[in-house]
Structure formats: structure tokens, C-alpha cells
Amino acid sequence: VEYFHQVEDGYSHLAAQVLGSLSQRYDIDLRCYLVDGPSGGNNVEPNLLLQLSRYDSAFIAPHYNLDFPHSQGLPDPEAFAKAGSILAGNEDESFIALAAVVGAAMWSGDAAALNKLAEKHGCVSEKQLKACLARGNARRAELKHYSGAMFYYGGEWYWGIDRLHYLEARLAELGADN
């Protein structure tokens, strides 16, 4: 199963909160990629889409027993960059463990917590972050998609937590339950 995480996307933060349970519940190899948001014709209103992802995520999170802060506005671009640089330096298992924690600090505007995570887990350089994003974007494009918060398995896409149950049903049918 491949997962594509867009740091500045609220839906990705919700998806990040289920990565650990998904990888523990099913006998799968969960590969995680950092990606940029949609571009070109796939993103007609980029600022509006990010605002909507924050707004929508705050309202749907409780229905999935997840957390999302109900604050106004988006985190500043420096927080997005710091969160991305922490996650880019961590491979699949570490990424799975860190993505929700890093996202919680970033989305709640807790710069001190984000800095502590950076100190503890390290940060990659801006050049390394861009290279990591380029790898994730290339893999996602190869699979013919454009968005974050996406899971891919066996030729099919599953968007965010509200479509994750379809992936889980498919994995269960295959006997991949642990």
C-alpha cells in the first residue's frame, strides 16, 4: 500500500492519524511519500482548497475519532516547511510514527513542539526536502494521480479517511488481517 502525504493539507493530517493502526491491523508494506499539492488544471483555487481542507477536517475528525484543531487560518509557510523537513528525513516506519505528531504540532500552531520534534528527529535541508517531494510527486504521477491524502493499492486509489474503509474491506477479503 502506498500513501501520499501533503503536509499543508488537512485531509492528509487526518489520514496520518490512522497510518499506525492500518499498518498494524493488516499484513501490508506501507510506503509513505511526501508530495506537493495539486497543480495546473487540477488545482483551480489553491488557497481556497487548503482553507477548505482545514475547515472540513476540523468538522469530520470527531466522526472518525480523530483530532483536528478548530483554529482559524492556516499555519504559516515556515511551519509547513519545518514539518516537511522533519518528515522527509524519516522513512516509512518512522514516518508512520511521526506524521500525526508533527502534523498536530503544526496544525495547532505549537512552534515549540515542532522545534522539539525537529531537534529530536532531525530536519533535512531545503534541497533534500525538494528532492523528497520530487520523488513523491514522480511516483504519484507515474500512478496517474495529483492529490494528497491518497492511498494506492493494486491499481486503485482511496482518498482520505472517508474512503479508507474500501481499502480495508479489500485487504480483509484478501486475508491480510493480522
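Reader: Does Ala 149 count as buried or exposed?

Author: The relative accessibility of Ala 149 is 0%. The model is predicted, with residues numbered from 1 along each chain as its sequence is written, and side-chain values use heavy atoms, leaving out hydrogens and water. Local features need pLDDT of at least 70 and side-chain atom pairs count only at pLDDT 80 or more, whereas totals for chains, interfaces and linings use all residues. Since buried means under 20% relative accessible area, exposed over 50% and partly exposed in between (1.4 Å probe, protein chains only), Ala 149 counts as buried.

Reader: What phi does Ala 149 take?

Author: Ala 149 lies in the loop between α7 and β3; helices (H or I, at least four residues) and strands (E, at least two) are DSSP runs numbered from the N terminus. Most residues other than glycine have a negative phi. Ala 149, although not a glycine, has a positive phi of about 60°.

Reader: Is Lys 144 buried or exposed?

Author: Lys 144 is also in the loop between α7 and β3, and has a positive phi of about 70° without being a glycine. With a relative accessible area of 72%, Lys 144 is exposed.

Reader: Within what arc do the buried residues of α6 fall?

Author: Leu 114, Leu 117 and Ala 118 are buried in α6. They line one face of the helix because, seen down its axis, they fall within an arc (taken from the directions from the helix axis to the C-beta atoms) of 100°.

Reader: Which residues are exposed on the face of α6 turned away from its buried side?

Author: What covers the buried residues of α6 includes α4 and α5. The face turned away from the buried side carries Lys 116, Glu 119 and Lys 120.

Reader: Which residue just after α6 takes a positive phi?

Author: The phi in question is about 85°. The residue that takes it, just after α6, is Gly 122.

Key. Contact means heavy atoms within 4.5 Å.
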